[in-house]
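Reader: I have the sequence and the structure open. Can you walk me through how the chains fit together?

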Number of protein chains: 2
Amino acid sequence: MTEPTASPAPPLSATPRTTLGRKKDRAGTDRACLHEVLDAGLICHLGLVLDGHPQVLPTGYGRDGDVLYLHGSSGARSMLAAGEEPEVCVTVTLLDAVVYSRTLNDHSMNYRSAVIYGRPRPVVDPAEKEHALRVLSDHLAPGSWDHARVPNAKELAAVTVLALPLDEASVKARTGPPTDDPAELSSPAWAGLLPLHSRWGTPVPAPDLAADIPVPPHIADRRI
Amino acid sequence: MTEPTASPAPPLSATPRTTLGRKKDRAGTDRACLHEVLDAGLICHLGLVLDGHPQVLPTGYGRDGDVLYLHGSSGARSMLAAGEEPEVCVTVTLLDAVVYSRTLNDHSMNYRSAVIYGRPRPVVDPAEKEHALRVLSDHLAPGSWDHARVPNAKELAAVTVLALPLDEASVKARTGPPTDDPAELSSPAWAGLLPLHSRWGTPVPAPDLAADIPVPPHIADRRI
């Protein structure tokens, strides 16, 4: 076994569960990869252990530097209410293509995923909570904070926001063409990628919207 | 509190964790809704408790009637190797639109999600495993089973497949326009939906594909 070559970037985190055991070539090792995946996703899947059982729910999030803000799910809220800080696993996955190979065994997907482990703290300070909601809003609906009515004190108090540091995280990706065994290359089967794209459709005004309110540029021109 | 009206369909499942505590109007109650969400998704997020900690990983799946077949993740494999049948939570989420309201507090997403709880069994019988792999293949890459080389005995033996019955499941969805408080309707802010669409791009042949192999119809004509 040869020594690993020196990496130009420090490892993202080096706990056993964030160090890939197999398909190591799919591991991203720098913080920029982590940020890129998190910034490109729209929702995460938040996992926690509730009364001993796994629970995974889709959740909104937003990133500010190396902190991930999360909307508190009902499970997290019930744990916080019981005085427990929930341990979570937050996963964001982007699908890029289906990989068609000459063999079913080598069919795959091109994807990018980020997995973050930690114990998020509840954001309680009103100023920090307002900041966190702005970060969440800028992620879900950039431009809305300056266009719509911002949360009032009552709304701020009613919402649960969690802050999860990006300390223990891993990034994994598959990119590139199918990798068939040389023995399969004479197959008559087609091999290649079928890319998967997301795009925004045409804005649909609310039925009760006044006819003279145009679609603002931050919505009409939103790009993925 | 009024009595609930009779539902034409039997409940999907009636355990406390699959019965919504809040926003009950977002709960789907029939099996057709569950099947529709599962059939429209491409990957699931598989959650389990590994050494006491939550773990959530993206995983391929396929549905056959009321059984969900899953590719075994490394976490599930390590638990099976230790003689444990992992308890899992499998979540599939489809994002349909960003909901822009007059207030930040009522911003939301239109989505459909399915959450399934259970203890999947490992599929060990070779004939059932081959069937399960066909179901997984038909979900990820419909048409490939009849086009590419099917798994041989060695490949079949090397793969881990889990079977999860759709016994304990819930479906949740938000649809329709923003719901602003009547007091907000005089706002000058735009309100409505920005739909999110997925579509397949142009197939990209593998660099080592012979130039005379055309893109077959099951790939060229694939629709979402």
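**How the two chains meet**

Author: Strand β10 (residues 192-200) of chain B and β10(A) pair in the antiparallel sense over five bridges. Two strands count as paired if DSSP finds at least two bridges between them. Strands (E, at least two residues) and helices (H or I, at least four) are DSSP runs, numbered from the N terminus.

Reader: Before we go on, what kind of model is this, and how are residues and chains labelled?

Author: This is a predicted model, in which local features need pLDDT of at least 70 and side-chain atom pairs count only at pLDDT 80 or more, while totals for chains, interfaces and linings use all residues. Residues are numbered from 1 along each chain as its sequence is written, chains are lettered from A and ligands numbered from 1 in the order in which they are written, and side-chain values use heavy atoms, with hydrogens and water left out.

Reader: What else does β10(A) pair with?

Author: Within chain A, β10(A) pairs with strand β5 (residues 88-100) in the antiparallel sense over four bridges, and A:P195 in β10(A) stands opposite A:A97. Across to chain B, two bridges join β10(A) to strand β11 (residues 204-205), again antiparallel; there A:G192 stands opposite B:P205.

Reader: And what does β11 of chain A join?

Author: Strand β11 (residues 204-205) of chain A is joined to β10(B) by two bridges, running antiparallel. A:V204 stands opposite B:L193 in that pairing.

Reader: How are the two copies related?

Author: A rotation of 180° with 0.0 Å of shift along its axis superposes chain B on chain A, at an RMSD of 0.0 Å. That is the relation of a two-fold axis. In chain B, the C-alpha nearest the axis belongs to B:S198, 2.2 Å from it. The superposition is by least squares on C-alpha atoms of residues with pLDDT of at least 70 in both copies.

Reader: Which surfaces do the copies use?

Author: They meet through the same surface, because 100% of the interface residues of chain B are also interface residues in chain A.

Reader: How many residues are in contact, and what area is buried?

Author: 80 residues of chain B are in contact with 80 residues of chain A, contact meaning heavy atoms within 4.5 Å. The area buried between the chains is about 6800 Å², of which carbon and sulfur atoms give 67%. B:P54, B:L104 and B:W190 supply 12% of the area that chain B buries against chain A, more than any other three residues. Buried area here is the accessible area (1.4 Å probe) that two parts lose on being put together, summed over both.

Reader: How many salt bridges cross the interface?

Author: Four, by the rule used, which asks for a side-chain nitrogen of Lys or Arg within 4 Å of a carboxyl oxygen of Asp or Glu. The side chains of B:D208 and A:R102 meet in a salt bridge at 3.0 Å, N to O.

Reader: Which element gives chain B's side its largest share?

Author: That is β10(B), with nine residues of the side that touches chain A.

Reader: And salt bridges over all chains?

Author: The count comes to 28. A:E168 and A:R17 meet in a salt bridge (2.7 Å, N to O). A:E168 lies in strand β9 (residues 168-174) and A:R17 in the segment before β1 (27-28), both of chain A, so the pair ties together parts 151 residues apart in sequence.
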